[in-house]
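Here is a report on one protein chain. Look at the sequence and the structure first, then read on.

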Amino acid sequence: MFMLRNVSKLIFGDSAKESIIEIPQGQLYIVRPLSPKGYSELIFKDAAASIRRTGQEFQYQLVIQRAYEEGEEELAAEGDESGELEALGGDKDEKIFLVDESLRLRSELRAEGEKVIAWRDLSGDVGDLYEFVCDPSTPQEKVATFLLAAVECQYERKYRRSAQQATDQQLQEFDFDEEESPIPTASPITASPHSTSPTSKESAAAMAKEVVSPKGPQKQPSEHTVAPPSASIPTANEILAKETAELHLFDFNTGTFVLQDRLVTAAVSEIGSWEYWLQITGSDREWLGQPVVGDINPVFNFEYLSFIFNHYTEDGSAYSWLLRFKDQPTEERFQEGLMQALWERLNETKWAKTKENDRDYVLEAFNDLTMEDKREEDLKELEEEEEIEEREVGEEEEEDDGQRSEHYNTDEDEDNSVTRDEDGNVNSQLAVGYKHDRSFVVRGSKIGVFRHTPNNNLEFSTNISKVETPDGKLFSPKKVMLHAEDANMILQNEQNPNSLYRMDLEYGKVVDEWKVHDNIPVLSFTPETKFSQMTSAQPFVGISQNALYRIDPRLSGNKLVDADLKQYTSKNDFSVASTTEKGYLAVASNKGDIRMFDRLGVNAKTHIPALGEAIIGLDVSADGRWVLATCRTYLLLIDALQKDGKNEGKLGFEKSFAKDSKPQPRRLGLQPAHVAQFQHETKSPLAFTPARFNTGLDSSETSIVTATGPFIVTWNLKKILLGRKDPYTIKRYAEEVKADNFKFGSDKNVIVALPNEVNMVAKQSLRKPTRESIAGPPVTPARFGAGRKGSRLGRNEIVNSPY
């Protein structure tokens, strides 16, 4: 290349010319060898590549400009109404790159004579490249001269002096042909984006890249994660699946999946009464064996032909494994066998007895999410929002976002600032006000009241020191709900399941006991409509294990409205309920199924089958479009809008789904490698708190918040719907998160109740999960001085202070 330097002097000689050199014909591709978005994409079918001067000295641009034949431009404009080309960044007819060494610009002459110029996509994923495939008529010397001009431009940009005086040795710094790996082949125009299956190494890298630590110098790991000994193998009564695959183990030190065995046999078997076993065997050893339980957190990715799961040893240690199958039919057979085992164990019912549509629903739920809508402009908007938030946060990592209670003396020593009750009570529940900026934290038989300040802090307001029944019996509320413009709080006493209690928050005491029914207990309750607690409306909805009903405190005697009672003869084992702004009702069960009603007292319009795990939390978007269910180890996001058939445009609350068109669930789980590292750090399994949407009268749902152990987790709804593989962020605390919810009317602030602390945390302070953010250091609000956001429940405020 450097033999052509005399030619380059002629090229650079005329400084009046904007363009330094041009290759007039070629095609521009973006190639993503490791990305879930697809292997490659043709951006410009006919284009020219040039290097141009800019208005600044020593600054140059690589410009790829789209070329049109006569009349083609108008057709292209009509065909790109969705804006997909513009969504790839920049003008739809031109892509511009600053010529800099970070591009790693290089060329390759392939055996078949194809001449390719490639450079890194700096805004894409690791390994993503732009490739300009030159027209066959382009001489190789032209390509070499083009690369030489790019080398000299990079030299001038870095050293801010003319490259004409630079030696060949000095320019060699910008020759990346030998340093970089071979340029991957771009798909031809007619090829399917999935025509090339990723290699084993690419699959493992892609599955692990979400837990790779941030860029920057890292310590070299002292040793790799070693596979634990395999458990003894029980006797198999029936083999449900048996397939061969490659086996990889996630290494905590490097954040990658490491190949352990190129050929293993993975078998799923039935070993007893609703008990099942997963065994993986190599040619010379037993790799692992474990019961098939929900905690294995199975994720199937058919693009990478992979199955990732977690493995737990007897001492509680967690490991993350990856099986890579030879083809999709093999993975599908294994998936059905494993899901059959998991489903039968959780439901104690034979898989074959379920409807085929229900079986498909279960299998789809455990597939890795795929992009449904290629509206990349939404993703770019999202990335811009993230960049703005990151700039607002600043580079300094704040250890905590909270300000201590105004009564807390920062000079107190540890002995004088005990926050634990002598009776062992800790914070257990959180109720966030809708009408007034207050949050209420339940702690045994006490309730702490916190004011939301205008600058998004929490400020201790008062303490309700004794929660008693009207006849003076102390109790610890099992569940609480704000009611009637936040003037009242409805409380549930576990010792009296057929009654509820009303606390007047102005006086801070229970003033009424409401007997609901003599024979029908109250298992849970929810507002009559999404925002009814902002009004003076009195009725609300209650459920028992097999009944739904309206509770009206204005009735004399029992408060259950008989006309709105829907009671089932079978034990449905209902667990939670939630309502929309119009009063549509969703009810979930410990069996894992969900029913949708347009009103009380009638049959459900839609029944969503169970995946197996009990549903412990339920939320519905205000418009009824999205249903969010919480299970112990994952969340379920269900789109209730019907998109075809005679009920197209109707919600599942209003009209039944057709038998063959149940809504596809989105199973929101943490990456198995993250789960393994969570447990590696905390020595505790996943246990999500009930997940919530952000909500507000004039705001749409954009985020989801939940917690597990000491981690707060938020999902970005837009990222989920775009199929992004990194839709959630985390924040670690020093203690277990007991309850959490968004501040009403915003998705920017989350209120967090720890065992002995209460904080309001800015959502933007949560971070993408990496080895470093998962490992800590954990946030310990109690150790920070005044002047930060949030509040601490001091001993004199929540333990023994009189109301």
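Are Trp715 and Tyr728 buried or exposed? Both residues are buried.

## Overview

This is a predicted model. The protein chain holds 13 helices and 42 strands. Of its 803 residues, 54% are buried.

## Nonpolar cores

The largest nonpolar core has 55 residues, and Leu323 and Phe334 touch the most other members. Helix H7 (residues 328–347) gives the most to this core, namely six residues. Domain 2 (238–354) and domain 3 (516–619 + 633–662) both contribute residues, so the core lies between them. Another core, of 30 residues, lies apart from it; among its members are Phe250, Ala691, Phe693 and Ile730. In soluble globular proteins, nonpolar side chains tend to be buried together.

Phe334 deserves a separate look. Residues up to four places away in sequence are not counted here. Phe334 then touches Ala241, Glu243, Ala266, Val268, Leu278, Phe300, Phe307, Leu323 and Phe325. Phe334 also belongs to one aromatic cluster with Phe300, Phe307, Phe309 and Phe325.

## Aromatic pairs

The count of aromatic pairs comes to 24. One of them is Tyr434 with Phe531, a tilted pair at 6.4 Å centre to centre and 55° between the planes. This pair links distant parts of the chain, 97 residues apart. Tyr434 sits in the loop between strand E15 (427–432) and strand E16 (438–443). Phe531 sits in the loop between strand E23 (524–527) and strand E24 (540–543). Tyr434 and Phe531 are both buried.

Now back to Trp715 and Tyr728. Their ring centres are 5.4 Å apart and their planes meet at 50°, so this pair is tilted. Trp715 is in strand E37 (residues 711–716) and Tyr728 in strand E38 (residues 728–732), so the pair ties together parts that are 13 residues apart in sequence.

Helix H4 (residues 140–159) has 20 residues, which at 1.5 Å a residue should span 28 Å. Its end C-alpha atoms are 29 Å apart, which agrees. Of the 20 residues, 14 are buried, so H4 is largely enclosed by the rest of the structure. Arg160 follows H4 and has a positive phi, near 55°.

Which side chain does Gln59 join through a polar contact of 2.6 Å? The partner is the side chain of Arg157. Gln59 lies in the loop between strand E2 (40–53) and strand E3 (60–66). Its relative accessibility is 12%, so Gln59 counts as buried. Neighbours within four places in sequence are again set aside. Gln59 is then in contact with Arg53, Thr54, Leu98, Arg157 and Arg160.

## Positive phi in one loop

Ala484 lies in the loop between strand E19 (479–483) and strand E20 (488–492). Asp486 lies in the loop between E19 and E20 too. Ala484 is not a glycine, yet its phi is positive, near 55°. Asp486 is not a glycine either, and its phi is positive at about 60°.

Why does Ala484 count as buried? Its relative accessible area is 9%, and buried means under 20%. Asp486, at 7% relative accessibility, counts as buried as well.

Technical notes. Residues numbered from 1 in each chain as written. Predicted model: local features only at pLDDT ≥ 70, side-chain atom pairs only at ≥ 80, totals over all residues. Heavy atoms only, no water. Helix = DSSP H or I, 4+ residues; strand = E, 2+ residues; numbered from the N terminus. Buried < 20%, exposed > 50% of the residue type's maximum accessible area, 1.4 Å probe, protein only. Polar contact = N/O pair within 3.5 Å; in protein donor to acceptor, adjacent residues only side chain to side chain. Contact = heavy atoms within 4.5 Å. Core = buried A, V, L, I, M, F, W, Y, C linked by side-chain atoms within 4.5 Å. Domains from an automatic or database assignment. Expected span 1.5 Å × (residues − 1). Phe/Tyr/Trp six-rings, centres within 6.5 Å; stacked < 30°, edge-to-face > 60°.
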